[in-house]
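Hi,

Here's the structure I said I'd pass on.

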Amino acid sequence: MNAAIIEAERVSKTYGRGPTCVEALRTLDLTIRSHELTILAGPSGSGKTTLLSILGCMLTPTSGTVRVCGVSARDARPEALAAIRRQHIGFVFQSYHLFSTLTSAENVQLALDVRGERGPEAVAKSVAVLGSVGLSAKLKSFPRELSGGEQQRVAIARALVADPSIILADEPTAALDTENGRAVMAILSSIARARGRAVLVVTHDARLFHFADRIVQIEDGAIIRETRPDASGSGAPDPNASRAGA
Ligand SMILES: Nc1ncnc2c1ncn2[C@@H]1O[C@H](COP(=O)(O)OP(=O)(O)O)[C@@H](O)[C@H]1O
Ligand SMILES: [Mg+2]
């Protein structure tokens, strides 16, 4: 059985108070496992980013528990949450979040620098991980000299360089064309299948669903369906369906 990397139990999140409050997540249970690419799909406003942020210990649930590699984030102090994130989690965002004044290699090295890893070993690790996402020829390029797809691959390398147990990616292909979106999904899939990491990707692009080992669909803050595309008779979503939500 693949190892449980992040476990969410009865997680709820309410933003604000009183009549204008928003119930973004409603007593939701979800376990994300190693060796699997899980896609989290759902319409705009269904709670995907809220859930990803809570799983990544960036946001505290209103109630419920999150455990990362067996460690409970409940009632943890901000420094303890930061330590969990540093040790176990790599984040990838829609808009890359690269430093424009740093090269690809420097952007990746920065992730090691904040962990106290510097010098030739850190440089070698960064070069190797950029090679693994097909960017050996772009080590000294600045973000403005790279395509969107290449910038996202630098961001994936940065998320990967400290060897996290899980990669959490919020709409990583939303700003990319079809071909680059597929290339990014193929890399994320190999991080799960070849490296054995847990990978959770938010996307509502049904054309990318076939990259998933498992698809979890949420609506109004609750899981409404879970499928495995390769399981026969699983009722996997139609890959030709148009983009749901926006
Ligand atoms: N910081 C916030 N304050 C108040 N409401 C929020 C906040 N963030 C998200 N929401 C609301 O919570 C719901 C879920 O949002 P979100 O998790 O961003 O959904 P998704 O990523 O699926 O589009 C939406 O109704 C959204 O408006
Ligand atoms: Mg979102």
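β6 (89-93) is the top contributor to the lining of the largest pocket, giving four residues (strands are DSSP E runs of at least two residues, helices H or I runs of at least four, numbered from the N terminus). Also supplying at least two residues each are α2 (78-88), α3 (104-113) and α5 (148-160).

This is a predicted model, with local features needing pLDDT of at least 70 and side-chain atom pairs 80 or more, while totals for chains, interfaces and linings use all residues. Residues count from 1 along each chain as written, chains are lettered from A and ligands numbered from 1 in written order, and side-chain values use heavy atoms, without hydrogens or water.

The pocket's volume is about 370 Å³. For the method: on a 1 Å grid over the protein atoms alone, a pocket is an open set of points where a 1.4 Å probe fits, with protein on both sides within 12 Å along at least five of seven lines, and lining residues have an atom within 4 Å of a point. Points join across faces, edges and corners, and the volume is the space filled by probe spheres set on them. Of its 16 lining residues, Phe91, Ala111, Val114, Arg115 and Arg158 are closest to the centre.

Elsewhere, five of the six residues of strand β9 (214-219) are buried (under 20% relative accessible area, 1.4 Å probe, protein chains only). β9 runs parallel to β3 (37-41) over four bridges (pairing takes at least two DSSP bridges), and Ile39 sits opposite Ile215.

Cheers

Note on methods: Buried < 20%, exposed > 50% of the residue type's maximum accessible area, 1.4 Å probe, protein only.
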